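Biologist: Before we go through this model together, could you show me how you read its features one at a time, giving the general idea and then the case at hand?

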Amino acid sequence: MPTDQDTRKRRECTTVERVRIIELNAQGFSQRAIAKKTEIPRSTVQRVIQEWNAQQKLKADSRSGRPTTLSLRDKRHLYRLSDS
C-alpha cells in the first residue's frame, strides 16, 4: 500500500495510480521498474496487476466495516430533537 506523505500512514491506491500501473505493465515494464517509477511497493503493484488480469477491474473490493449503530429513523429523530 502506498504511504501518505503527510501522515506517513498507509493508504489505498487511487484509481489513477492503478491505471498508471496497468499502463506501465502493458508497455512492458517489470513490476520492480513500475514500483520504482510510481514509488508504490512492488507487492501492491503485483496485486493490482493480478486483479486486472483476473477480473479487469480497477476499483478495490468494498469492505464490510463496522455496522452503523443508529438507523436512519433514529438519526432523523435525533436531528429533530436537536433543532427544538
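This is a predicted model: local features need pLDDT of at least 70, side-chain atom pairs count only at pLDDT 80 or more; totals for chains, interfaces and linings use all residues.

Biologist: Leaving aside its neighbours within four places in sequence, which residues is R18 in contact with?

Modeller: Once those neighbours are set aside, R18 is in contact with E12, C13, R47, V48, E51, L58 and A60.

Biologist: How should I read a charged residue in such a place, and with which residue does R18 form a salt bridge?

Modeller: The general idea is that side chains of opposite charge can pair when their charged atoms come close. Here R18 forms a salt bridge with E51, and the closest N and O atoms are 3.2 Å apart. Since E51 belongs to helix α3 and R18 to helix α1, the pair ties together parts that are 33 residues apart in sequence. E51 itself counts as partly exposed, at 21% relative accessibility.

Biologist: How many salt bridges does the structure hold, and where do R47 and E51 lie?

Modeller: The structure holds two salt bridges; besides the pair already described, R47 forms one with E51, with 3.7 Å between the closest N and O atoms. Both R47 and E51 lie in helix α3, four residues apart, which is about one turn of the helix. Through the shared partners of these salt bridges, R18, R47 and E51 are joined into one network.

Biologist: Turning to helix packing, how is a pair of helices described, and at what angle do the axes of α2 and α3 cross?

Modeller: Two packed helices are described by the angle between their axes and the distance between the axes. For helix α2 (residues 31-38) and α3, the axes come within 9 Å and cross at roughly 115 degrees, and the crossing is right-handed. At this meeting, Q31, R32, I34 and A35 in α2 meet R42, V45, Q46 and I49 in α3.

Biologist: Is I21 buried or exposed, and which residues is I21 in contact with beyond its neighbours within four places in sequence?

Modeller: I21, which is found in helix α1 (residues 15-26), is buried, with a relative accessible area of 0%. Beyond those sequence neighbours, I21 is in contact with I34, I40, V45, V48 and I49, and among these I34 is in α2, while V45 and I49 are in α3.

Biologist: What should I look for in the backbone, and what is the phi of E39?

Modeller: Most residues other than glycine have a negative phi, and most peptide bonds are trans. E39, although not a glycine, has a positive phi of about 60 degrees; E39 is placed in the loop between α2 and α3 and is exposed, with a relative accessible area of 66%. Q56 also has a positive phi, near 55 degrees, and is a residue other than glycine. Q56 lies in the loop between α3 and α4 and is exposed, its relative accessible area being 51%.

Biologist: Which residues form a nonpolar patch on the surface?

Modeller: L70, L78 and L81 form that patch, and together they have about 260 Å² of accessible area. L70 is placed in the loop between α3 (42-55) and α4 (72-83), and with a relative accessible area of 36% L70 is partly exposed.

Methods
Residues are numbered from 1 along each chain as its sequence is written. Side-chain values use heavy atoms; hydrogens and water are left out. Patches are made of residues with over 30% relative accessible area and no salt bridge: like charges are joined within 9 Å, nonpolar side chains (Val, Leu, Ile, Met, Phe, Trp, Tyr) within 5 Å. Accessible areas come from the Shrake-Rupley method with a 1.4 Å probe; for residues, only the protein chains shown count as cover. A salt bridge is a side-chain nitrogen of Lys or Arg within 4 Å of a carboxyl oxygen of Asp or Glu. Helices (H or I, at least four residues) and strands (E, at least two) are DSSP runs, numbered from the N terminus. Buried means under 20% relative accessible area, exposed over 50%, partly exposed in between (1.4 Å probe, protein chains only). Axes are lines fitted to C-alpha atoms, for helices over the stretch in contact, and angles run from 0 to 180 degrees between N-to-C directions. A crossing is left-handed if the near helix is turned anticlockwise from the far one by less than a right angle, and right-handed if clockwise. Contact means heavy atoms within 4.5 Å.
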